[in-house]
Amino acid sequence: MKAIICAGTPTSGKTTVLKHVISKLKKKGHRSAFLKIDVQYADEDTLFKEEFGIPTRKVYSGELCPDHCNVMVLGDAIEWAEKEGADFLIVETAGLCLRCSPYIEGSLGIVVLEATSGMNLPRKVGPMLSLADIAVVTKIDLISQAEREVFRARVLEAAPEISIAETDALHGIGIDPIVEQFCKSESVNYPLYLRGNPPVGTCTICVGKKEIGWKQHFGVVRPLENQNFYRGE
Amino acid sequence: MIEQISIIGGFGKNGQPEPVKRVDFKMGDVISIVGQTGSGKTTLIDDIELFANENTPSGRKILINGEAPESRFSNNVSNHPIALITQHTNFLSDMQVYKFLLTHASIRGSKDPSAIVEETIDFANQLTGEAIDLNYAMTELSGGQTRALLIADAVIIGNSPIILLDEIENAGIHRTRALDLLKRYEKIFIFVTHDPRIALLSDCRIVMKNGSMNDVITTGVEERKVVEVIKELDDLLLDFRMHIRNGSVLTEKIFEDRLKSVKCLNN
C-alpha cells in the first residue's frame, strides 16, 4: 500500500484535486482509503464515501496542531487502510502553521497551492512546499499566463527539485500527471519517519497561558525587536 | 521551431462529424473565428490552447508541424507556445507593473530585461486610451489597459508563436492599431470575433455553427475592398465615441460635418 499525504492552505482546492484523482484511480481499478485531518470542521469523509464508496475517516485535531495530530494518528491510519484492503491511503491535512511538513520519508508528499493567492505564496509556505514532491497549482484558469509563469518560477525557487502540476481542478484539467505520480510512488516502508523537523518546543502559550507579552512567559520566548529565539526565565 | 498548426475536425454538438475536416495555419497568418453566440467559438480556441488530442468533448486533434505536440509544451507553461487572452483574463497580482514585467522577462531568460519591458509598455500604450503608469499595481489597471498589457506581454516578453485573442473588441483597445502592430510580428494570431473589421482584415475566417467548423472563407479581393469602407464607417463611430468620451457635446453641425467627410457616404 502507498500512503500519500496532501497538504495545503484552506480553500486551495485540495479536496477538488483529490476528488478527481480518486475518481481516476478508481477507473484504473485501484482502491483508495481516505483520511481527513482538520481542526474543527470537515465533511470530505462523507462526500467521498458517498461519491466513491471508499472507506473514509476523519480526525479533528481540536486543541492539537493538525500536523502534530497527523504524526500521532498516521500509524493507526495506515494499519486501518491496510485492513480495508486499500492500495492507496490518501491523507488530506490542513497544514495550517506553515512550519511543519506533514510528509513521510519515502512516501509521496503533495502540496496544493492556489495560483490566485498571490505571487508571494510560494515564498510564504515554507517546508510544506520545500519538502513536498509535487506542487499542484490550482485555479490556473483564473490568472494570466504571465502570472502563471512567475508563480511557477517562485515555486521552483522554494523547491528546485519539485515537480509541478498545473490544474484547473474544477474542470478536471491537468489531473492525469498527478495520478501517474501516485501510481509510480513508493509503498509504505517501516519504520516511518516524518520528513523534516517540526518547529522547536513548547512554550507557555501552548499549555494555555493567555497573558500577552514575552515577559509573562517562559520556555521559548521572543520580544519584537529580537529576531532570534532564546530561552527566557 | 513552429511553422504550422493544424486543426483536425472532430464532432459538432449533435455528434455529427464537422464539415471542415482539416485547417492549416502557417506563421504570419491572421485568422478569425466567427459565428453566433453558442456556436462553439470559445470551445474551438480552448481545444487549440489545450492541444486537444481527441480527449476533449469535440474529439478534435491539434497538430504542430503536422505532428502531435511534444509533451514538454504542456509540462512547463513557459514552453507553451500558445498564449490565450480572453475577455475574462485578468491580473490578480498587485505587484507593480514594472516589477512584474521585469520578473517575467528575467524568467524568460532575457539578456536585457529593462529594454524588453520598455518595448512591452510601449506596445501596450499604443493600444490603450490612457497610458499605463509603471508604478501602478497591476490590479489597478483598467479593463482596456489590462487587455493591452496582456497582449503586449504575450507578444514581446512571452514571445508566444501562437496567440489566441477572444473578443478583444469588447475591451476598449484600438483594434486597427492592434492588427497593424500584431502583423509586424511573425506569429499566428487567432481572433474570436464579432467585429466585421477584424474578421475581414484577417487572411481567412472559420465559420462556426452548432459546435462545428462549418466553413473556412478566405478573404477575397472584393472583401478587401469592402473592408476599406467598413473601416471608414467604423472610424466615424469611433470618432463620435471619442468626442463623447472627451466630454464634448455632439452638435448637429459637428455630426453632419463629420458625415460629409466620409467618402463612401458621399459618392
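This note goes through a predicted model point by point, from its domains to its helices, backbone exceptions and salt bridges.

1. Conventions. Residues are numbered from 1 along each chain as its sequence is written, while chains are lettered from A and ligands numbered from 1 in the order in which they are written. Because the model is predicted, local features need pLDDT of at least 70 and side-chain atom pairs count only at pLDDT 80 or more, whereas totals for chains, interfaces and linings use all residues, and side-chain values use heavy atoms, with hydrogens and water left out.

2. Domains. With bounds that come from an automatic or database domain assignment, chain A is divided into domain 1 (2-184) and domain 2 (200-233), and the C-alpha centres of these two domains of chain A lie 32 Å apart. For chain B the assignment gives domain 1 (4-219) and domain 2 (220-267), with C-alpha centres 29 Å apart. Across the boundary in chain B, 11 residues of domain 1 are in contact (heavy atoms within 4.5 Å) with 10 residues of domain 2.

3. Helix α8 of chain B. Helices are DSSP runs of H or I with at least four residues, strands are runs of E with at least two, and both are numbered from the N terminus. Helix α8 of chain B (residues 221-245) has 25 residues and reaches 36 Å from its first C-alpha to its last, close to the 36 Å expected at 1.5 Å a residue, where the expected span is 1.5 Å times one less than the number of residues. B:Val227, B:Asp234, B:Leu236, B:Phe240 and B:His243 are buried in this helix; buried means under 20% relative accessible area, exposed over 50%, and partly exposed in between, with a 1.4 Å probe and protein chains only. The cover over the buried residues of α8(B) includes α6 (175-183), α7 (196-201) and α9 (252-260) of chain B. B:Gly247, which follows α8(B), has a positive phi near 90°.

4. A nonpolar surface patch in chain B. B:Ile244, B:Leu250, B:Ile254 and B:Phe255 form a nonpolar patch on the surface, with about 320 Å² of accessible area together. Patches are made of residues with over 30% relative accessible area and no salt bridge, like charges being joined within 9 Å and nonpolar side chains (Val, Leu, Ile, Met, Phe, Trp, Tyr) within 5 Å; the areas come from the Shrake-Rupley method with a 1.4 Å probe, and for residues only the protein chains shown count as cover. B:Leu250 is placed in the loop between α8 and α9 of chain B and, at 31% relative accessibility, counts as partly exposed.

5. The surroundings of A:Ile78. This residue of helix α3 of chain A (residues 66-83) is buried, with a relative accessible area of 0%. Leaving aside neighbours within four places in sequence, A:Ile78 is in contact with A:Met1, A:Ala3, A:Leu89, A:Ile104, A:Val188, A:Tyr190 and A:Leu192. A:Tyr190 is also joined to A:Pro191 by a cis peptide bond, with omega of about -5°, and A:Pro191 lies in the loop between α7 (176-184) and β8 (220-221) of chain A.

6. Most residues other than glycine have a negative phi, and most peptide bonds are trans.

7. Of the 14 residues of α6(A), 10 are buried, among them A:Arg148 and A:Phe151. The side chains of A:Glu166 and A:Arg148 meet in a salt bridge at 3.4 Å, N to O, the term standing for a side-chain nitrogen of Lys or Arg within 4 Å of a carboxyl oxygen of Asp or Glu. The pair links distant parts of the chain, with A:Glu166 in strand β7 of chain A (residues 163-166) and A:Arg148 in helix α6 of chain A, 18 residues apart.

8. Other salt bridges. The structure holds 22 salt bridges over all chains. A:Asp133 forms one with A:Arg195, the closest N and O atoms being 3.0 Å apart. A:Asp133 lies in the loop between α5 (127-130) and β6 of chain A and A:Arg195 in the loop between α7 and β8 of chain A, so the pair ties together parts that are 62 residues apart in sequence. A:Lys36, A:Asp38, A:Glu44 and A:Glu92 are linked in a network of salt bridges.
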